[in-house]
Amino acid sequence: MMDTLSNSLRDALKKLAGKAVVDRAAVDELVKNLQRALLSADVNVKLVMELSKAIRTRSLDEELPKNTNVREHVLRIVYQELVRLVYATADLKLEPQVILMAGLQGSGKTTTTAKIARYFQKKGMKVGVICADTFRPGAYNQLATLCAKINVPCFGDPASTDARKIVKDGLVAIKDLEVIIVDTQGRHALEPDLIQEIIDLNAITRATHRWLVIDAALGQQASEQARRFHDAIGIDGVIITKMDGTAKGGGALSAVAETKSGIVFIGEGETIEALERFDANGFISRLLGMGDLQALAEKVQEAQVASEVDMDAMMKGHFTLRDMYKQLEALNKMGPLKQIMNMLPMGNMQLPEGVYDVTSTKMVRYRILMDSMTPQELDDPGIITSSRMQRIARGAGGTPEEVRELLKYYKMMHKTLKGLRGAAGGKFNMQRLMKRFSGMQ
Amino acid sequence: MFSGLRDRLQAARDRLGASIGVVAARPQKPEPDKTGEIASAETPAAKNPTLTDKVRILIIDRELIVSEKDVAAALDELEMTLLESDVALPVTDALIADIRAGLVGKHRKIGESVDALVVGALKSALLKILGSGFDLTAYIKTHERPVKILFTGVNGTGKTTTVAKIGAYLKNQGFSVVIGAGDTYRAGAIEQIGVHAERLGIKVIEHKSGADPSAVLFDAVQYAQAHKTDVVLADTAGRFHTKANLMSQLDKIRRVMKPDLIVYVDEAVAGNDAVVRAAEFDRTVGADAIVLTKADMDSRGGAAISIAHTIGKPLLFLGTGQAYEDIVPFEPGTIVEELLGGGTV
């Protein structure tokens, strides 16, 4: 199901690919597909609506940056807007602290408590755990077993039903330890007694952090529950668990938005080591079911700064060897062509096999050949005669045939750009360009 | 549970009713250009209906046709409502299509209530998805004892608690019950089910932590056969459908204990993933019925609709709290009636 969604998202992006101006209808379609992708990842409906509004407005209003096509432009906005939501990294210091765990029943608090204990232990901190779950049978047993495996002291009393007393005693019993993690009973927002209990526990422990544990599969309910927990004890970090399933964790996004905090950890497995610090990029890629968006966003940005290819002049037909040189240089800065193509979420763009390698090595040769040309030759390739070709080839350590091939390539590019200007109303079509490339070999 | 969805459905129903009502109001004004579209909707062949035709349609037949355009806006709103209620996206699409089919092209006599038409469409779409329910008591009575019930599901959905609750429920119904502590993986799981069973006075068959769950559950079945116990409730460790080794372990359990019923347990607060994993569990080990837990967390019950639609299996129980009696047999008819409360059809 998710595959078809990200495919339709890719298709929508592909439609934007060929455009030189931002097209309202295409943006609308993209936004619609994006909405569907986010909704099926369990992101809060209202949040999705706000997001898509921001993306639509920015895509249509912001000026298209130089040397960027519409798809990259819109994609970057999508990425930036999503990052804005999850970017607040929750603060995590290696110093003495008390951490209070909160969450719904079955979200994975106890397992996560042990995992966090292990995390701090590996960082060289002295860790202790208090089991304040007096309700679920076997809860103390579970935590004690997990803690015993990693030699972390676990304080608790399976016979007692008074969580407040256990925590008070526990804080005294393991006060010499640096990091104290308090595991609590699962509760939800509509249980006033239990909400009061966690407010009291928060007061007793004077907790440094109050982390909310969220199941990656939690749906629209995430927003509401997170808000209530936040109202009660002031959540300052979110942990997403069970990311090893197929759930996308969109509910956690709602929780983060609701608590204005960041995502601290991601749990993705049943072993005690299966805990990772949050990585915004990986999370968003998974949310949308698409490749590495951040890398793309950054590369496009870099390349923009580096090159000043005059697209306007090119479109008007003033395409010289100098322009082509800059263009090749820009492509080179973005890395091998194949890598760039893979990063672009354009799905099943049909490119003949082997095109990438041949063209990228050729591009290097072309640049060396052009380095051996005079400024006049670069500005007006028409003056290159066979004797000039001889000289250029000698200077670049190549053959006159190579120079001829370069000129043929230049003419083709020139023609392509001119043709595009005429036929498609100024649309720069990468795909057609690539086809011409392959015809060259 | 479901109260949130009910309010939302009520709003959607009013909205749908209103937009159809507008259509009803329109042709009564004697403006030929406005009535044109309605007439052509009914008789697409006649592009230029004569005035007599129009008069016949408007006055003599006094019948209206609901067009797609009339309900589009209201259905868009309903779509958002369903999504907000955690009905998964593909299921929402299917539901909306059903409702649209139930409304568009419907002839409506002037006197007939708009609301009735809308409620009818909603009701049939929901009932189609929720099916007819599942009566566990009747099932046990009509089958050879012991009836073996295997519980499956992902981690943390509440399988162990559900096993205890169903144990208590069946015991109250007068059946004898034995529980197999098949979760030998999670730390504290055997203790957890042990404490529950002790409180309820139910026999538990358990091995040591880390033992082969198939062996535990086989022993539970053996025990039931030897002691003429009515029902075997087999708890298992939570597992993700993405873990092939754990799923094949579950398959082995199924081969060894040969359950009569496989009950898939998921939580009512789960979002879109509910659909993915339910389908995967159904595909690999099968599922005969569903239990939805945590229905008391103010959920709108969307997961019930999503899962039922995806695997087409009946809902057995809803878990509605932490106490043993917090379990409610699921009756689709009652639920739908409650959702569309006061329906006139």
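D86(B) sits in the loop between α4 and α5 of chain B, and in this predicted model its phi is positive, at about 70 degrees, although the residue is not a glycine. Most residues other than glycine have a negative phi, and most peptide bonds are trans. D86(B) is also buried, because 32 other C-beta atoms lie within 10 Å, where 20 or more are needed for that label. Is K258(B) buried or exposed? It counts as exposed, because it has 11 C-beta neighbours inside 10 Å, and the label applies at 12 or fewer. The backbone of chain B also holds a cis peptide bond, which leads from R145(B) to P146(B) and has an omega near -5 degrees; P146(B) is placed in the loop between α7 (136-142) and β3 of chain B.

Of its 345 residues, 49% count as buried, and among the contacts in chain B with a separation of 6 or more, 78% are between residues 24 or more positions apart.

Eight strands of chain B form an open sheet with mixed pairing, in the order β5-β4-β6-β3-β7-β8-β9-β10. Its edge strands are β5 (203-205) and β10 (327-329) of chain B, each of which pairs on one side only, and neighbouring strands of the sheet are turned against each other by 25 degrees on average, if direction is ignored. Strands of a sheet pair through backbone hydrogen bonds, either parallel or antiparallel. Both senses can be followed here: β7(B) and β8(B) run parallel and are joined by five bridges, with A289(B) in β8(B) as the bridge partner of V263(B), whereas strand β9 (residues 315-319) of chain B pairs with β10(B) in the antiparallel sense over three bridges, and F317(B) stands opposite P329(B) in β10(B).

Helix α11 (residues 244-257) of chain B touches β3 (147-152), β4 (177-182) and β6 (231-236) of chain B, and its direction makes about 175 degrees with that of β3(B). Helix α13 (residues 302-311) of chain B touches β7 (261-267), β8 (289-293) and β9 of chain B, with its direction at about 160 degrees to that of β8(B). Why can β8(B) be called largely enclosed by the rest of the structure? The reason is that five of its five residues are buried: A289(B), V291(B) and T293(B) point one way from the strand, I290(B) and L292(B) point the other way, and all of them are buried.

The next topic is the nonpolar interior. In soluble globular proteins, nonpolar side chains tend to be buried together. The largest nonpolar core of this model has 189 residues, and V182(A) and V238(A) are those with the most contacts inside it; helix α6 (residues 114-130) of chain B gives the most to this core, with nine residues. Apart from this core lies another one, of 14 residues, including M324(A), I392(A), V403(A) and L406(A). Leaving aside residues up to four places away in sequence, V182(A) touches a set of residues that includes V98(A), I99(A), L100(A), M101(A), V167(A) and L201(A).

The axes of helix α3 (residues 45-61) and helix α4 (residues 70-86) of chain A come within 10 Å and cross at roughly 145 degrees, and the crossing is right-handed. Residues including L51(A), A54(A) and I55(A) of α3(A) meet residues of α4(A) including V74(A), I77(A) and V78(A), and by class this contact has six nonpolar, one polar and two charged residues.

Finally, the contact between the chains takes 38 residues from chain B and 36 residues from chain A. On the side of chain B that touches chain A, α4 (68-84), α5 (89-103), α9 (189-200) and α12 (273-284) of chain B each supply at least two residues, and α9(B) gives the most, with five. The residues of this side of chain B divide into 15 nonpolar, 13 polar and ten charged.

Definitions and conventions:
Residues are numbered from 1 along each chain as its sequence is written. Chains are lettered from A and ligands numbered from 1 in the order in which they are written. This is a predicted model: local features need pLDDT of at least 70, side-chain atom pairs count only at pLDDT 80 or more; totals for chains, interfaces and linings use all residues. A nonpolar core is a set of buried Ala, Val, Leu, Ile, Met, Phe, Trp, Tyr and Cys residues joined through C-beta atoms within 7 Å. Helices (H or I, at least four residues) and strands (E, at least two) are DSSP runs, numbered from the N terminus. Two residues are in contact if their C-beta atoms, placed from the backbone, lie within 7 Å. Axes are lines fitted to C-alpha atoms, for helices over the stretch in contact, and angles run from 0 to 180 degrees between N-to-C directions. A crossing is left-handed if the near helix is turned anticlockwise from the far one by less than a right angle, and right-handed if clockwise. Ala, Val, Leu, Ile, Met, Phe, Trp, Tyr, Cys and Pro count as nonpolar, Asp, Glu, Lys and Arg as charged, and the others, Gly among them, as polar. Two strands pair if DSSP finds at least two bridges between them.
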